[in-house]
Amino acid sequence: MAAIPAPLLARALRLGRRSPLAVIGAVIVGLVIMAAVAAPLLATSDPIDQDLTVVLKPPFWLEDGSVQHPLGTDHLGRDVYSRLVYGAQISLTISVLAALLGAVVGVVAGLVAGYHGGRLGAIIMRIVDLNLAFPLILLALAVVALLGASLKNLVIVMTITTWMIYARVVRGLTLALREREFVQAVRALGAHDARIITRHVLPNLLAPILVIWTLEVARVILMESALSFLGLGVPPPTPTWGRMLAEGRDYLTVAGWISIFPGIAIMVTVLGINFLGDGLRDLLDPQLRRQT
Amino acid sequence: MRAYIAARLATAVLVVLGVSIVSFCLTFLSGDPAEIMLPPGATAEHIAKFRAEWGYDDPLLVQYGRFLSRAVQGDFGVSLRHGQSSLPLIAARLPATLQLTVTAMLLAIVLAVPLGVLAATHRGGPLDLLAMGVALLGQSVPNFWLAIMMILLFAVSWGLLPTSGRGGPAHVVMPAVAIAINLMALLTRLVRTTMIEVLAEDYVRTGRGKGLREVMVLTRHALPNALIPLVTVVGLQFGYILGGAVVIETVFTWPGVGLFTIQAILNRDYPVVQASVFILATGVVLINLIVDLLYVWLDPRIRLG
């Protein structure tokens, strides 16, 4: 126990007591992360290996199912369970990276707009407005279709859809912080802007940023799976939840499990992250409730 | 207040200009338009002639100016696939999309308001838990998956509703529910939060104190005030709803702008993509503008201040 600092442990325990949903969320998120990281160990078959002798096999609890393919197989005889486990890698990589990049861009933009203000700040906020005016999925679709669908391009496109959320919140909070006495005091003491921002403003922004980040990861997972569903996700043969779902559409009546399980995977993951995000928000920053 | 409206209008114009720049840029993301438009194996002279004819050799700023002046006149170029002007093609599909999105918005509001009020008035009780559970699930479900599951259940298994296309009211049900679900979840939580705040206000206590029935307190005094933030959020979410329509129209082959745009994107029919991105984004800007002005009108503190 000595490895965990006492205050952190106390905080976690308090979170658990106050918000059991957050604990459930943490467990779900932990399981999904484990699936993504340990996919080669957890998968029972190769996710892209086709086996035309076991096409459209049902899950093991249905007649004709077997434990060899616990969640059944798809129209090419690929193991649904193994593809789900590997699919977690894509969903998590894209969403975590995009939400992180979006945070970096958005926080810098928000700090400039809030702390510095001026013409540059005004321009930044107009770009935020512009970005918010687009139906994001349409913009993402158009850009992915034109740039080509790859992991890198998807991360870039998803970043475009998330940075302005941080920018708006960070600007608002920075505007308020700038006028607070303790910031005025260090400025009077002669501190440079860079020092004020990194030592006094940023630390106060970490909690809301973390909360937004969590909720944005959930949103990006939903959007990435929608793009993938429309055929503009990471290209085959890489298994993604969205494409699995789309591929199963043609076999809905005979092999519904191909579409049902990826949908459940997306929903449970997003639900888990939302539980966790809500719990974090209640714990870290009750004031943020109204803003996000 | 005049100054506020003027400033708000100026911002909207700026954003629409930005929208036009982004739409314009979409042409160049894909590389050379000549390569897309001309058949493969076109000769170098052929390409050069094409570029000169269509003005692709001019400086970018000149090209943008031309794009903008044409766009203002409703001319976004000819669809590469349909051989017709893009704007009428999109305009013809707009009513279908509006029918779907407006139905979805109304559905979301009609479900979310009572659910949110019930949750707020029964705070901490089983009804509250149920409402919040529904909201959390609704927020997390991928709408296209819900759409497919509804098709499987209500269309394929039970044969109650048509699987796809646009026709009578029965055709609207499943796509509208699929688009509404995420917004409904968001609004339920919003109504609950604002309602809890409003119920703690003095005027609510006064209403109860003077012996008003609880129904009167809720519907005449608390609810109207709790609904003001709802107006803003619904307006702000219009872009999101349109995005949902793009995906859901594809699932149900609903003949709207969303399906048409997806097909244009997949076919690299960029005059249509440009026109559609421009029109939809401008629509969102206009809706947001209207909502902001409506907000001023709804809230006497801003209207009279």
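At what angle do helix H8 (residues 163-178) of chain A and H10(A) pack, and how far apart are their axes? The first legend answers this for the predicted model.

**View 1. H8(A) packs against H10(A) in the predicted model.** The two helices meet at an angle of about 155°, and their axes are 10 Å apart. Angles over 145 degrees count as roughly antiparallel, so H8(A) is roughly antiparallel to H10(A). Their crossing is right-handed. H8(A) brings Ile165(A), Tyr166(A), Val169(A), Val170(A), Leu173(A), Thr174(A) and Leu177(A) to the contact. From H10(A) come Val201(A), Asn204(A), Leu205(A), Pro208(A), Ile209(A), Ile212(A) and Glu216(A). By class, the contact residues are 11 nonpolar, 2 polar and 1 charged. An α-helix has 3.6 residues a turn, so residues three or four places apart point the same way.

**View 2. H5(B) crosses helix H12 (residues 238-251) of chain B.** Here the axes come within 10 Å and cross at roughly 120°. That angle makes H5(B) oblique to H12(B). The crossing is right-handed. On H5(B), the contact residues are Thr97(B), Leu100(B), Thr101(B), Ala104(B) and Met105(B). They meet Ile241(B), Leu242(B) and Ala245(B) of H12(B). This contact has 6 nonpolar residues, 2 polar and no charged.

**View 3. Chain A meets chain B.** Contacts link 33 residues of chain A with 37 residues of chain B. On the chain A side, helix H5 (118-133), helix H6 (136-147), helix H10 (193-229) and helix H12 (257-284) each supply at least two residues. H6(A) gives the most, with 9 residues. The chain A side divides into 23 nonpolar, 6 polar and 4 charged residues. For the complex, the predictor gives an ipTM of 0.85 and a pTM of 0.87.

**View 4. Helix H9 (residues 202-209) of chain B lies largely in the open.** A residue would need 20 or more other C-beta atoms within 10 Å of its own to count as buried. Just after H9(B), Gly211(B) takes a positive phi of about 90°.

View 5. The mean pLDDT of chain B is 85. Of its residues, 94% reach 70 or more.

Methods
Residues are numbered from 1 along each chain as its sequence is written. Chains are lettered from A and ligands numbered from 1 in the order in which they are written. This is a predicted model: local features need pLDDT of at least 70, side-chain atom pairs count only at pLDDT 80 or more; totals for chains, interfaces and linings use all residues. pLDDT is the predictor's confidence in each residue, from 0 to 100. Two residues are in contact if their C-beta atoms, placed from the backbone, lie within 7 Å. Helices (H or I, at least four residues) and strands (E, at least two) are DSSP runs, numbered from the N terminus. Ala, Val, Leu, Ile, Met, Phe, Trp, Tyr, Cys and Pro count as nonpolar, Asp, Glu, Lys and Arg as charged, and the others, Gly among them, as polar. Axes are lines fitted to C-alpha atoms, for helices over the stretch in contact, and angles run from 0 to 180 degrees between N-to-C directions. Angles under 35 degrees count as roughly parallel, over 145 as roughly antiparallel, 65 to 115 as roughly perpendicular and the rest as oblique. A crossing is left-handed if the near helix is turned anticlockwise from the far one by less than a right angle, and right-handed if clockwise. A residue is buried if 20 or more other C-beta atoms lie within 10 Å of its own, exposed if 12 or fewer, and partly exposed in between; C-beta atoms are placed from the backbone.
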